[in-house]
Amino acid sequence: MYRHPADPKPQGSRPDAALLAAALWQRDDAMADAERLAKLREDLEKACKAQKFSKILKKANEVLTIDGEDADAKRCKAVALAKLDRCEEGLECCGDDEALQDVKAYCQYRLGDLEGALQADINNEAVAHVRAQTLYKQGKYAEAADIYAS
């Protein structure tokens with residue numbers, strides 16, 4: 001039987017049907033977001049392999065819009081900003097994240113904050129290189145050479 005939308009709902013209609021429909025839409029949206037996120041991560045990886053830093057930045061931002069806690073996307077964004085000579089933004093992106101201390105040190109070095117660049121508290125090849133460059137820039141040639149020798 002046809003019912004005009006302006007007609008009152010018949011008695012006995014099930015209001016929980018609307019809730020069920022809304023829940024199904026939310027589930028479909030979540031599935032669509034998961035599929036979109038997987039595609040964006042794939043695109044981000046391709047951009048990283050091609051070292052297209054503007055595209056890396058764009059894709060990382062898109063991933064972070066959906067999943068703001070994605071550590072890989074955050075790292076990609078910070079590195080892309082540094083490579084694009086947008087080191088102030090790179091520092092903001094790094095914040096106090098322990099996993100991004102190497103990028104933070106590089107940005108500080110590039111911005112001329114040599115003391116800040118020496119504060120990185122992790123030991124890896126990238127930080128060692130930044131430390132050596134910073135020491136060299138400060139005229140501490142022997143200390144810089146020691147880092148490269150070890």
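Is E62 buried, partly exposed or exposed? At 22% relative accessibility, E62 counts as partly exposed, where buried means under 20% relative accessible area, exposed means over 50%, and partly exposed lies in between, with a 1.4 Å probe and protein chains only.

The views below show a predicted model, in which local features need pLDDT of at least 70 and side-chain atom pairs count only at pLDDT 80 or more, while totals for chains, interfaces and linings use all residues. Residues are numbered from 1 along each chain as its sequence is written, and side-chain values use heavy atoms, with hydrogens and water left out.

View 1. K59 counts as buried, at 12% relative accessibility.

**View 2. K39, D43, K58, K59 and E62 are linked in a network of salt bridges.**

**View 3. R41 and D67 form a salt bridge, with their closest N and O atoms 3.0 Å apart.** This pair links distant parts of the chain, since R41 is in helix α1 (residues 16–50) and D67 is in the loop between α2 (53–66) and α3 (71–83), 26 residues apart. R41 is partly exposed at 35% relative accessibility, and D67 is partly exposed with a relative accessible area of 25%.

**View 4. R75 and D102 form a salt bridge, with their closest N and O atoms 2.6 Å apart.** Here too the pair links distant parts of the chain, with R75 in helix α3 and D102 in helix α5 (residues 101–110), 27 residues apart. R75 counts as partly exposed at 29% relative accessibility, whereas D102 is buried, with a relative accessible area of 10%.

**View 5. Helices α3 and α5 pack at an angle of about 15 degrees, with their axes 10 Å apart.** Axes are lines fitted to C-alpha atoms, for helices over the stretch in contact, and angles run from 0 to 180 degrees between N-to-C directions. The two helices, α3 and α5, are therefore roughly parallel to each other, a description that applies to angles under 35 degrees, while over 145 counts as roughly antiparallel, 65 to 115 as roughly perpendicular and the rest as oblique. Residues R75, A78, V79 and A82 of α3 make the contact with D102, V103, Y106, C107 and R110 of α5, where contact means heavy atoms within 4.5 Å.

**View 6. Helix α5 is largely enclosed by the rest of the structure, because 7 of its 10 residues are buried.** The buried residues of α5 are Q101, D102, V103, A105, C107, Q108 and Y109, and they pack against α3, α4 (87–94), α6 (114–117) and α7 (125–137).

Key:
A salt bridge is a side-chain nitrogen of Lys or Arg within 4 Å of a carboxyl oxygen of Asp or Glu. Helices (H or I, at least four residues) and strands (E, at least two) are DSSP runs, numbered from the N terminus.
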